[in-house]
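Subject: Structure handover

Hello,

Here is the structure I said I would pass on. My notes on what was found in it follow below.

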Amino acid sequence: MAEFNKIKYNNEYNKQSYDRINLMAEKGKKSKWTEKAKAAGLSLNAYITRAVDSYAGIEDFTKVEERAKEEARREVLAKVADALKPDKQPDKSDFDEDIKRRLQGLI
């Protein structure tokens, strides 16, 4: 029986599931884009794809937005769980502001 080759499997899956685009940008842009992507909670690939889709008028960001909202929900729930620990006394003002900030756009 042949041994499973994960790299070969992943490469074949990616070949069938994705289009590959090689992008060249001026020196320094990649690091700027990476910083912006990180600040938005996205990978560089997701950030660039979203920017191009937006520019092209393609507005199907459902997957990216749903992932970002789910991640924000998890972070809020983790904060709530941490605050409810008996040995923990959270700073209420910081906690309230953090919750308000994370809940914006989720409701």
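The structure holds two aromatic pairs (rings of Phe, Tyr and Trp, the last by its six-membered ring, pair if their centres lie within 6.5 Å; planes under 30 degrees apart are stacked, over 60 edge-to-face, the rest tilted). The Phe4 and Tyr9 rings have centres 5.7 Å apart and planes at 50 degrees, so this pair is tilted. Tyr13 and Tyr18 make an edge-to-face pair, with 6.3 Å from centre to centre and 75 degrees between the planes.

On accessibility, buried means under 20% relative accessible area, exposed over 50%, and partly exposed in between, with a 1.4 Å probe and protein chains only. Phe4 is exposed because its relative accessibility is 60%, while Tyr9 at 48% is partly exposed. Tyr13 is partly exposed at 42%, and Tyr18 is exposed at 52%.

This is a predicted model: local features need pLDDT of at least 70, side-chain atom pairs count only at pLDDT 80 or more, and totals for chains, interfaces and linings use all residues. Residues are numbered from 1 along each chain as its sequence is written, and side-chain values use heavy atoms, leaving out hydrogens and water.

The protein averages a pLDDT (the predictor's confidence in each residue, from 0 to 100) of 82, and 79% of the residues score at least 70. Confidence is lowest in helix H5 (residues 92–103), at a mean of 67, and highest in H2, at 95. Helices are DSSP runs of H or I with at least four residues, numbered from the N terminus. Where pLDDT is low, the predicted coordinates should not be read in detail.

Regards

Conventions. Helix = DSSP H or I, 4+ residues; strand = E, 2+ residues; numbered from the N terminus.
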